[in-house]
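I opened my notebook to get to know a protein that was new to me. Here is the structure I was looking at.

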Amino acid sequence: MAVLIALRSVSPTVAPRVNGRFYCRFSPIIAKSLKKTPSQSRLGVFASVLFLSCFLSFPAFSAQPCTANGDIEWAQIKKIVDGDTLHLRDGRKVRVMGINTPEIGYRKKDNPSYPQPLAIEARQAVVDFFSAEAKVGLGFGVQRVDHYGRVLADVYRADGANLSAHVLALGLAWHVVVPPNELGWPCLAAVEAAAKQQKTGVWSDQYYPVKQAKNLSINDTGFQRVTGRVISVNRSRGGWWLQLGQLAIRVQEKNLK
């Protein structure tokens, strides 16, 4: 579960303003209902943030390859589950790092909310990226396995092309950074910025409009894009709390850099 927060008005103590524009990412966020911050008595949505980065809008993307960092292990694809999940022939399940794609929701077939908009297109983009019986290159993160038992890896094609960059360029994913697996994120952020500038795919308000923090409820779960004004900043043990209307964001001390 992750949340992308785009702040339009922020206190200078939260993010620098350069040429009047800035962009902040908080991800991932684990949302819980009806919790309280150390200094807030009322709160509808709680969020624990593991990573914060603020950066300017990037210039137009020019085919950056987002090449591999470090050693690559090669394996064989068995099944492409969705835009960010692969199954390998050796039995491993891979969660592709650097992206979050709309959910197909295989286990939620009776739920009219699934598949989410562009989920099928994201999966097809991965199918098109690889050839039949394709080899897949895995570049592992510092943390190699998540709590679901999935392998965490950057994914590459035999020619070195980066899967995450491919899906981001098509506007079929959001860029996410989950510490400690943060190597190479600036390149993917630049790819995403170009798609966002073109209002491609998930960046079209037709599919995923930005929600106002002041209007959030406990039903606003899953991956969301939220905009809001920081109304308070409070220090707590191990980090900081930023309050945006109904949304409280915790930035851990270890991830401030």
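My entries below go from the whole protein to a few single residues.

**Entry 1: the overall picture.** I noted at the start that this is a predicted model. I then looked up the secondary structure and found three helices and 17 strands. Next came burial: of the 257 residues in the protein, 49% are buried. I also checked how contacts run along the chain. Taking contacts between residues at least 6 apart in sequence, I found that 61% join residues at least 24 apart.

**Entry 2: the surface.** I followed up on one of them, Val 233, and placed it in strand E15, which covers residues 232–236. Its relative accessible area is 31%, so Val 233 counts as partly exposed.

**Entry 3: the disulfide.** How many disulfides are there? I counted one. Its partners are Cys 66 and Cys 187, with their sulfur atoms 2.0 Å apart. That distance makes the pair a disulfide because the cut-off is within 2.5 Å. I looked up the turn about the S-S bond as well: it is -95°, and the link of Cys 66 and Cys 187 is left-handed. Then I asked where the two ends sit. Cys 66 is in the loop between strand E5 (52–55) and strand E6 (73–82), while Cys 187 is in helix H3 (residues 185–197), so the link ties together parts that are 121 residues apart in sequence.

Are these two cysteines buried or exposed? Cys 66 has 7% relative accessibility, so I wrote it down as buried. Cys 187 has 15% and therefore counts as buried too, because the cut-off for buried is under 20%.

**Entry 4: an arginine.** I finished with Arg 225, which I found in strand E14 (residues 224–227). With a relative accessible area of 10%, Arg 225 is buried. What lies 2.8 Å from a polar atom of its side chain? I found the backbone oxygen of Tyr 208 there. I put the two notes side by side: the buried Arg 225 has a side-chain polar atom 2.8 Å from that oxygen of Tyr 208.

How values were computed:
Residues numbered from 1 in each chain as written. Predicted model: local features only at pLDDT ≥ 70, side-chain atom pairs only at ≥ 80, totals over all residues. Heavy atoms only, no water. Helix = DSSP H or I, 4+ residues; strand = E, 2+ residues; numbered from the N terminus. Buried < 20%, exposed > 50% of the residue type's maximum accessible area, 1.4 Å probe, protein only. Contact = heavy atoms within 4.5 Å. Polar contact = N/O pair within 3.5 Å; in protein donor to acceptor, adjacent residues only side chain to side chain.
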